[in-house]
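Here is a short report on one protein chain. Look at the structure first, then read on.

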Amino acid sequence: MTSIPIDDSALIAAARAVREHAYAPYSAYAVGAALACDDGTIVAACNVENASYGLSMCAERSAIFAAIAGGHRRFTAIAIVGPDRETTSPCGACRQVLAEYGATTRVLYAIPDGFEETTIGALLPEGFVLP
Ligand code: THU
């Protein structure tokens with residue numbers, strides 16, 4: 001199936017915009033993530049923290065869960081934006097969740113001078129798969 005391309009700069013802009021909605025009163029580290037779905041849709045979400053710290057959810061997993069709930073299963077890229085001039089690469093849990101939907105998904109994560117481009121397969125070599 002052919003996928004409808006989404007411009008990287010549009011994806012990054014969506015991640016930046018949704019970051020404004022982050023609920024991060026405990027860490028003060030707001031994150032936005034935007035997923036490019038193969039039908040051309042962008043699904044964006046932010047981190048949501050909780051007074052019971054361990055219940056907090058990262059932006060990337062929030063975006064994946066929202067995308068799945070919206071009927072999307074194929075992703076071409078994800079953009080991740082944190083505070084200005086910080087490196088915000090996805091945590092291990094988010095890598096495992098992203099890897100569920102394919103190793104070739106491009107990952108664009110913020111670094112101090114712009115964006116690093118990689119793939120989920122490169123970020124999570126030998127991730128868990130059920131036998
Ligand atoms: N966080 C994300 O949402 N995504 C990342 O890639 C790194 C960390 C969140 C979790 C927590 O709410 C805050 O950033 C500080 O760790």
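Helices (H or I, at least four residues) and strands (E, at least two) are DSSP runs, numbered from the N terminus. Arg-61 sits in helix H2. The model is predicted, so local features need pLDDT of at least 70, side-chain atom pairs count only at pLDDT 80 or more, and totals for chains, interfaces and linings use all residues. Residues are numbered from 1 along each chain as its sequence is written, and side-chain values use heavy atoms, with hydrogens and water left out.

**Helix H2**

H2 covers residues 59–69, and its buried residues are Ala-59, Glu-60, Arg-61, Ser-62, Ala-63, Ile-64 and Ala-67. Buried means under 20% relative accessible area, exposed over 50%, and partly exposed in between (1.4 Å probe, protein chains only). These buried residues pack against strands E1 (32–37), E2 (42–46) and E3 (75–81) and helix H3 (92–99). Contact means heavy atoms within 4.5 Å. Gly-71 follows H2, with a positive phi near 95°.

Arg-61 is buried yet has no salt bridge. A salt bridge is a side-chain nitrogen of Lys or Arg within 4 Å of a carboxyl oxygen of Asp or Glu. The nearest side chain of opposite charge to Arg-61 is Glu-60, 6.7 Å away. Here Lys and Arg count as positive and Asp and Glu as negative; His and the chain ends are not counted. Not counting residues up to four places away in sequence, Arg-61 touches Cys-91, Ala-93, Cys-94 and Val-97.

**The core**

A nonpolar core is a set of buried Ala, Val, Leu, Ile, Met, Phe, Trp, Tyr and Cys residues joined through side-chain atoms within 4.5 Å. The largest one has 18 residues, and Leu-98 is among those with the most contacts inside it. H2 gives the largest share, 4 residues. Leu-98 touches Leu-35, Ile-64, Ile-78 and Ile-120, not counting residues up to four places away in sequence.

**Salt bridges**

How many salt bridges are there by this rule? The count comes to 4. The table shows some of them.

| Pair | Closest N to O distance |
|---|---|
| Asp-113 and Arg-85 | 3.1 Å |

Asp-8, Arg-106 and Glu-117 join into one network through shared partners. Arg-106 is partly exposed, at 24% relative accessibility. Asp-8 is partly exposed too, at 26%. By contrast, Asp-113 is exposed, with a relative accessible area of 70%. Arg-85 is also exposed, at 57%.
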